[in-house]
Amino acid sequence: MEYNEEVHQLFIDFKKAYDSVRREVLYKILIEFGIPRKLVSLIKTSLTETYSRVRVGKNVSDRFPVRNDLKQGDALSPMLFNFALEYAITRVQLNQDGLKLNGTHQLLAYADDVNILGGSMHTLKENAEALVAVTREIGLEVSADKTKYMVMSRDQNAGRIQSVRIDNSTFERVKKFK
C-alpha cells in the first residue's frame with residue numbers, strides 16, 4: 001500500500017447465484033451485448049420448458065417447472081452467468097474519487113465472486129450500493145452471512161468500524177479473508 005492509505009474491501013457473495021438469474025433479463029442482456037438473435041433464441045429454447053424433481057431418500061416428487069436459473073452442470077451456464085455479471089459491472093458508475101488499481105477502477109470479479117475496493121468507507125458503500133441495485137434487477141441477491149468487510153492498513157487502529165451496513169444488510173468485518 002503506497003502512501004499509507006487504507007484500503008476498504010467488500011467481498012461479495014451472491015446467494016445461489018446460478019439459481020437466481022432471471023432468464024428474461026438474461027435474454028435482453030445477451031442481445032444488448034450483440035449476441036445474434038438467432039443464437040439467443042437457441043439459448044432460450046434450451047432453457048425453457050425445464051422441469052425438476054426432488055428426491056428425498058427413495059421418494060421422488062412430481063415434476064415442477066423451473067422458471068429462473070441456469071442449468072447446473074451445463075457447459076453454457078458459466079458463460080451466460082458471466083454475461084449477466086458483466087452487464088451489472090458495466091452498469092455500475094464507480095466513484096471516480098476512489099482507490100484505483102493500476103489506473104483502473106476498484107472492482108474485481110472472478111466467477112460469481114466480486115471484491116469492491118475503496119479508499120474510504122464512503123466510497124466503498126457508494127460503489128457497493130450501486131452494484132447491489134443492478135444485480136438485484138438480474139435476480140442476484142447478496143448473502144449477508146457470506147459477504148465480508150475488511151480494512152487493510154499499516155495503521156493497526158485504522159478503520160475501527162466492526163461492520164458495514166449496505167442496503168439493509170450488515171456485513172461483518174474480518175481481519176483476513178479466504
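In this predicted model, a polar atom of the Ser20 side chain lies 3.3 Å from the backbone oxygen of Ala17. The Ser20 side chain also reaches the backbone oxygen of Gly139, again at 3.3 Å. Ser20 itself sits in helix α1, which covers residues 17–20. Its relative accessibility is 15%, and because buried means under 20%, Ser20 counts as buried.

**Salt bridges**

Side chains of opposite charge can pair when their charged atoms come close. The structure holds 2 salt bridges. One is formed by Glu141 and Lys15, whose closest N and O atoms are 3.1 Å apart. Glu141 belongs to the loop between α5 and β8, and Lys15 to the loop between β1 (7–13) and α1, so this pair ties together parts that are 126 residues apart in sequence.

The side chains of Arg91 and Glu32 form a salt bridge as well, with an N to O distance of 1.7 Å. Arg91 is in helix α4 (residues 77–91) and Glu32 in helix α2 (residues 23–32), so the pair links parts that are 59 residues apart in sequence.

| Residue | Relative accessibility | Class |
|---|---|---|
| Glu141 | 45% | partly exposed |
| Lys15 | 39% | partly exposed |
| Arg91 | 33% | partly exposed |
| Glu32 | 48% | partly exposed |

**The second largest pocket**

By class, the lining comprises 5 nonpolar, 3 polar and 6 charged residues. At least two lining residues come from each of α5 (121–138) and β10.

**Strand β10 and its partners**

Strand β10 (residues 169–173) runs parallel to strand β8 (residues 148–152), and 2 bridges join them. Within this pairing, Tyr149 has Arg173 of β10 as its bridge partner. With strand β9 (residues 163–166), β10 pairs in the antiparallel sense over 4 bridges. Here Arg165 stands opposite Thr170 of β10. The hairpin of β9 and β10 has 2 residues between the strands, and in this hairpin Asp167 takes a positive phi near 55°.

Technical notes: Residues are numbered from 1 along each chain as its sequence is written. This is a predicted model: local features need pLDDT of at least 70, side-chain atom pairs count only at pLDDT 80 or more; totals for chains, interfaces and linings use all residues. Side-chain values use heavy atoms; hydrogens and water are left out. Buried means under 20% relative accessible area, exposed over 50%, partly exposed in between (1.4 Å probe, protein chains only). A polar contact is a pair of N or O atoms within 3.5 Å; within protein, one must be able to donate a hydrogen and the other to accept it, and residues adjacent in sequence count only if both atoms are side-chain atoms. Two strands pair if DSSP finds at least two bridges between them. Ala, Val, Leu, Ile, Met, Phe, Trp, Tyr, Cys and Pro count as nonpolar, Asp, Glu, Lys and Arg as charged, and the others, Gly among them, as polar. A salt bridge is a side-chain nitrogen of Lys or Arg within 4 Å of a carboxyl oxygen of Asp or Glu.
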